[in-house]
Amino acid sequence: MRLETRRLRLIRLTAPQMGQLIADLPEFEKAMGVRYIGSPETDGMAEIVEGMLISILQFPAARHWRGVWVFVDQKEKAIIGSACFRGEPDENGTVEIGYEIHAKEWRSQGYATEGVLALTHWALAQPGVGSVSARCDKANPASARVLQKCGFLLNGGADSLPRWNAKLFAPFVCPICGNPFLRAEKSLFCRAGHAFDFSRQGYVNLLKGKPETIYEDKALFEARRAVYVAGFFDAVVDAVRGRVPSGSVLDVGCGEGSLIHRLQDKVACRVGLDIAKSAVKMAAAVDHGALWCVGDLCNLPLPNRSVDAILNILTPANYTEFYRVLRPEGLLIKIIPGEGHLAEIRAILGKVPYREKRLETLRALGERFEIIEELPIRYTFFCDETLAAQVYAMTPLTTHGPRARIPAGDITVDLALVVGYKNA
């Protein structure tokens, strides 16, 4: 069994190879095509290998977890360290890992982090494994830093040997390579070494590059939040609430998070994603019970088949990506504007009514999903001058336009709610 990282080749030795390592090192080096840095007798490797060989004899069915992994520097073709798992998963699905860089000149260069990170991800991908643990002496801060960099969190244990644990952070995957993440306290790490930090507000930016968006306008999102608070979209919230499942829900184009925030008492796991950093920052600062992410709807940083429903409210769509991340029998709840939506605002701006998008949307959505419901949502809402100004400011129509005085009066909401169903 072999794994490769940027600089290392990790090789799980077979029982005969382990026997040869301690019985005849020169022959082992010749057969493996590597050189061993140091001496197995003096660096403790011989003792580890002997213990593993005895363990394999005692538990032959669990040899998958009882071999020694050697860390081979690919450039130098040299064994510089090793790691091993201390037996098969326990009743809680936890395996324990131990590791060491034997060659002193290779320490403090990130090799241990590289190897442990790769093996931790490998272990978490095995059946029956839910977490990986490690013990680290308090007198060994360098080893503790390795565990922290690999996404392990301190989880108690004896005073002299505190226990650390690592689990996959299931909600997100790396936007660069698609690999799953381990989560440290403030960062996400994938096995390829890509790292993303959580902000002070609690969101994570998983964009691969800097976006160009006309919606990076904090005033727009502040106005939209005020409009939601005033009840302008209560009928929309109620329509969504009545159709959204109680499991996991992703709001694509969440903006400042007003809608999905109103679902917190119904939905167990809420994830909000938007390309506008200012909006996600606002959302995370107010709602600490959801997961917030700056991301691209054309490259959703979520695993395949990972959410029960997607909300796509008055924002662009990517139906291929939506289909990928929805679980079988999942729902896509999309809302599109009708011709009369915000007609009073559009008239002040001299804009023509919204082009009817219903048939166009149904056709595109129907290529991936079975359309199981269409619901018109039409009403007028009386707005005083303050609220009318906020409605005016919340729409991208006015982002680069003149600021106009909006008189008090009724404003039209004309929307269509469409529900798509994923069959497979």
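I began with strand S15 (residues 248-252) and found it mostly covered, with five of its five residues buried. Buried here is under 20% relative accessible area, exposed is over 50%, and partly exposed lies in between (1.4 Å probe, protein chains only). Strands are DSSP runs of E, at least two residues, and helices are runs of H or I, at least four, numbered from the N terminus. I checked both faces of S15: Ser248, Leu250 and Val252 are buried on one side, and Val249 and Asp251 on the other.

A note on what I am reading: this is a predicted model, where local features need pLDDT of at least 70 and side-chain atom pairs count only at pLDDT 80 or more, while totals for chains, interfaces and linings use all residues. Residues are numbered from 1 along each chain as its sequence is written, and side-chain values use heavy atoms, with hydrogens and water left out.

**Entry 2, partners of S15.** Which strands pair with S15 in the parallel sense? I found strand S16 (residues 269-274), over five bridges, and strand S18 (residues 307-313), over three bridges. Pairing takes at least two DSSP bridges between the strands. I noted that Val252 stands opposite Leu273 in S16, and Leu250 opposite Ile310 in S18.

I turned to helix H6 (residues 218-229) and helix H9 (residues 277-286), whose axes come within 9 Å and cross at roughly 45°. Axes are lines fitted to C-alpha atoms, for helices over the stretch in contact, and angles run from 0 to 180 degrees between N-to-C directions. H6 is therefore oblique to H9, since angles under 35 degrees count as roughly parallel, over 145 as roughly antiparallel, 65 to 115 as roughly perpendicular and the rest as oblique.

For the contact (heavy atoms within 4.5 Å), I listed Lys218, Phe221, Glu222 and Arg225 in H6 against Ser278, Ala279, Met282, Ala283 and Val286 in H9.

**Entry 4, an open sheet.** I traced four strands in the order S10-S11-S12-S13, paired antiparallel in an open sheet. The edges are S10 (168-173) and S13 (195-197), each pairing on one side only. The twist averages 35° from one strand to the next. Between S12 (residues 187-190) and S13 I found three bridges, and Leu188 has Phe196 in S13 as its bridge partner. Helix H4 (residues 111-124) packs on this sheet and touches S10, S11 (180-183) and S12.
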